[in-house]
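Please keep the sequence and the model open while reading.

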Amino acid sequence: YVKNLEKDGIGNLYLEFEKLKKKLENEGLFSPYSKKKLPKYPFKIGVATASSGAALRDIVSTIKRRWPLANIIVFPCLVQGEGASESIINALENSKKCDIDVMIVGRGGGSIEDLWCFNNEKLAYYIYEYPIPIVSAVGHEVDFTICDFVSDVRAATPTGAAELVTPDINEIIGSLEVYKD
């Protein structure tokens with residue numbers, strides 16, 4: 001018995017993604033002129049992701065290694081499945097109370113279905129209006145979501161996001177030694 005029938009080809013989710021992408025692009029949500037600049041020396045870094053998992057561990061360990069002066073504030077949220085987009089929006093809303101310098105939003109890789117919550121129109125508008133710079137760290141290098149396009153910066157991986165938002169303390173110490181000499 002057939003319960004569902006789809007055309008063979010690129011798939012309905014991909015078509016839905018492209019339609020939303022074109023709409024938001026035409027509205028200017030992806031414009032480089034609306035992108036906020038990342039702070040040079042962030043001391044409060046927010047992370048909106050699942051409270052357990054490799055993405056959070058990678059982000060935290062990279063920040064601690066590169067810029068141990070930063071405080072990391074985790075805003076746990078669902079990053080997959082029903083209610084995940086709303087959970088991410090709630091995490092971002094909660095982060096506004098903490099005076100953070102930059103926010104990382106992300107998760108590890110997965111299928112288009114796993115990452116689908118990051119293709120939500122309401123989430124895209126929320127990210128666009130968010131007052132603090134946001135780095136999208138969704139999936140791996142080949143994964144692209146609406147969140148990537150609307151965020152201020154896209155990182156290819158969660159680890160890459162942690163590297164983008166932090167200076168390397170060893171380079172700064174080296175520069176200070178040169179200035180001292």
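A residue is called buried when its relative accessible area is under 20%, exposed when over 50%, and partly exposed in between (1.4 Å probe, protein chains only). This is a predicted model, in which local features need pLDDT of at least 70 and side-chain atom pairs count only at pLDDT 80 or more, while totals for chains, interfaces and linings use all residues. Residues are numbered from 1 along each chain as its sequence is written, and side-chain values use heavy atoms, with hydrogens and water left out.

Side chains of opposite charge can pair when their charged atoms come close. A salt bridge here is a side-chain nitrogen of Lys or Arg within 4 Å of a carboxyl oxygen of Asp or Glu. The whole structure holds four of them.

One of these joins Glu121 to Lys23, with 2.3 Å from N to O. Glu121 is partly exposed at 30% relative accessible area, and Lys23 is partly exposed at 35%.

Another salt bridge pairs Asp152 with Lys36, the closest N and O atoms lying 3.5 Å apart. Asp152 is buried at 12%, whereas Lys36 is partly exposed at 23%.

Asp148 and Arg154 also form a salt bridge, at 3.7 Å from N to O. Asp148 is buried, with 5% relative accessibility, and Arg154 is partly exposed, with 25%. Arg154 has a further contact: it lies over the face of Phe144, 4.0 Å from the ring centre. A charge sits over a ring if NZ of Lys or CZ of Arg is within 6 Å of the ring centre and within 35 degrees of the ring normal.

Rings of Phe, Tyr and Trp (its six-membered ring) pair if their centres lie within 6.5 Å; planes under 30 degrees apart count as stacked, over 60 as edge-to-face and the rest as tilted. The structure has six aromatic pairs. In one, the ring centres of Phe30 and Phe149 are 5.4 Å apart and the planes meet at 35°, so the pair is tilted.
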